[in-house]
Amino acid sequence: MLRKWRQLILIRYKKICFIMISVMFISVYSVILVIHVGINSAIRVQIVRDSDPSLLASFNDKDYENISLQIQTKSNGNIQTALRMDNKRLNSSSRYMTKGTLKVMPISAEESKETEDNIYLDEEYSLDDNSDNRQAKYSSYESSGNVKNVTRRLPQAIIIGVKKGGTRALLEYLRLHPKIRATGPEPHFFDKHYKKGLEWYRQQMPLTKSDQLTIEKTPSYFVTKGIPEKVYIMSKRTKLIVVVRDPVTRAISDFAQLVSRRPDVKSFEELALVDNRTKMVDTSWTIIKIGIYVKHLVNWLEYFPLRQIHFVSGENLIKNPAHELKLVQDFLGLQPLIDDHYFSFNSTKGFPCFRKHANSSKIHCLNNDKGRPHPIVDPSVIKRLRDFFRPFNARLYQMTGHNFGWT
Ligand SMILES: Nc1ncnc2c1ncn2[C@@H]1O[C@H](COP(=O)(O)OS(=O)(=O)O)[C@@H](OP(=O)(O)O)[C@H]1O
């Protein structure tokens with residue numbers, strides 16, 4: 001009798017053990033499945049304010065480490081990439097603003113490599129809390145219902161380059177002018193979306209009153225073949241602005257951005273020279289090619305007279321932004337309203353920051369993607385690059401009648 005009971009208990013015990021093990025197994029599997037689906041599915045965003053044409057999205061699900069993603073907007077049936085980021089850390093407080101219907105999705109590793117090779121991404125479009133208000137103001141006009149006398153226009157002026165020259169700073173400063181309306185992200189119409197047509201391009205532009213100028217900036221235009229003709233076809237009256245910077249510092253800045261996305265990339269010294277023995281500069285490296293400004297300028301001069309191209313000194317835009325802004329406003333035929341009162345040098349950041357109104361006490365700075373620390377480069381390689389760029393710089397000074405003072 002006792003034996004029978006023992007046997008019965010043993011059978012029950014085995015059954016209970018089996019059930020417990022199964023439950024544990026299923027739970028562990030489910031957790032793995034949830035994590036897997038969570039990583040691979042599109043990232044969800046919360047639309048914080050969808051009554052406004054500018055939607056503010058916040059990533060509210062969880063934190064993401066090293067993720068590549070893009071935000072696409074859909075407006076009048078057109079899908080546009082509003083923001084693209086590589087190897088970013090996103091958390092619940094990362095907030096991005098864009099227009100239209102939001103779709104946020106991770107980019108495949110393959111695709112993200114392609115972007116890194118051809119980086120013209122402007123991370124400044126990711127908005128920090130300070131610029132949030134600015135963007136809210138920027139969009140409030142569109143959402144105010146005061147749309148009777150406004151329309152979207154093709155840009156009358158374009159900041160066509162150069163990458164890492166200070167193009168974002170210039171656009172943000174110009175945006176302070178009441179007669180200027182500017183796009184937030186870089187539209188990349190002439191180099192990436194040309195097939196979509198001018199109507200698509202126009203739709204990317206902000207609403208403007210008849211006396212306001214529409215401006216966009218896409219720094220890759222300056223160096224991309226075929227674009228001068230395309231801009232000419234759009235309008236031969238388009239005013240062109242190029243922010244130039246010492247090509248050696250520009251190259252290092254461009255490289256610093258590359259490293260921030262691809263930490264495993266070769267050293268600057270290795271990439272800049274064909275080999276260490278001959279010390280020949282590798283002119284096939286995009287980062288070097290971009291800096292031969294005069295060669296790109298020649299392509300533009302085939303279609304536009306020099307008087308229609310205004311050069312901004314990237315160095316002086318940092319040292320004396322008000323002066324450079326005065327020259328740009330003159331070039332655009334605008335009253336020079338953006339003056340000294342708007343700027344305040346932030347010694348911690350090492351750059352000028354700005355007020356939205358001349359008498360406002362609140363100061364706004366560009367985010368940390370602008371003004372990255374530069375890597376230390378072997379002085380002999382710097383010298384080699386200076387020697388390389390010097391004749392091209394001299395020709396640029398001669399052609400433009402402007403000595404930018406690069407040694
Ligand atoms: N006010 C202010 N704040 C921060 N940074 C400033 C400012 N004015 C000019 N700059 C310089 O702008 C450089 C980035 O240039 P771009 O905006 O043209 O870069 S991009 O091509 O759009 O990625 C950036 O280059 P790095 O310093 O190498 O990061 C800055 O030197």
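The following legends describe close-up views of one predicted model. Residues are numbered from 1 along each chain as its sequence is written. In this predicted model, local features need pLDDT of at least 70 and side-chain atom pairs count only at pLDDT 80 or more, while totals for chains, interfaces and linings use all residues.

**View 1. An open sheet of 5 strands.** The strands stand in the order β9-β11-β8-β12-β13, and their pairing is parallel. Strands (E, at least two residues) and helices (H or I, at least four) are DSSP runs numbered from the N terminus, and two strands pair if DSSP finds at least two bridges between them. β9 (180-182) and β13 (309-313) are the edge strands; each has a single partner, so one side of each lacks a neighbour in the sheet. From one strand to the next, the twist averages 25°. Strands of a sheet pair through backbone hydrogen bonds, either parallel or antiparallel.

**View 2. Strands β8 and β12, with helix α13 on the sheet.** Strand β8 (residues 157-161) runs parallel to strand β12 (residues 239-244), and 4 bridges join them. I158 has L240 of β12 as its bridge partner. Helix α13 (residues 321-331) packs on the sheet, where it touches β12 and β13. The direction of α13 makes about 175° with that of β13; axes are lines fitted to C-alpha atoms, for helices over the stretch in contact, and angles run from 0 to 180 degrees between N-to-C directions.

**View 3. The contact of helices α11 and α14.** The axes of α11 (residues 293-301) and α14 (residues 379-400) come within 8 Å and cross at roughly 40°. α11 is therefore oblique to α14 (under 35 degrees is roughly parallel, over 145 roughly antiparallel, 65 to 115 roughly perpendicular, and the rest oblique). Y293, V294 and L297 of α11 meet F392, R395, L396 and M399 of α14; contact requires C-beta atoms, placed from the backbone, within 7 Å. These residues divide into 6 nonpolar, no polar and 1 charged. Ala, Val, Leu, Ile, Met, Phe, Trp, Tyr, Cys and Pro count as nonpolar, Asp, Glu, Lys and Arg as charged, and the others, Gly among them, as polar.

**View 4. Residue V259 in helix α8.** V259 is found in α8 (residues 247-261). V259 counts as partly exposed because it has 16 C-beta neighbours inside 10 Å (20 or more would be buried, 12 or fewer exposed). Not counting residues up to four places away in sequence, V259 touches V265 and P375. V259 and R384 are 125 residues apart in sequence and 22 Å apart in space, C-alpha to C-alpha.

Key: Two residues are in contact if their C-beta atoms, placed from the backbone, lie within 7 Å.
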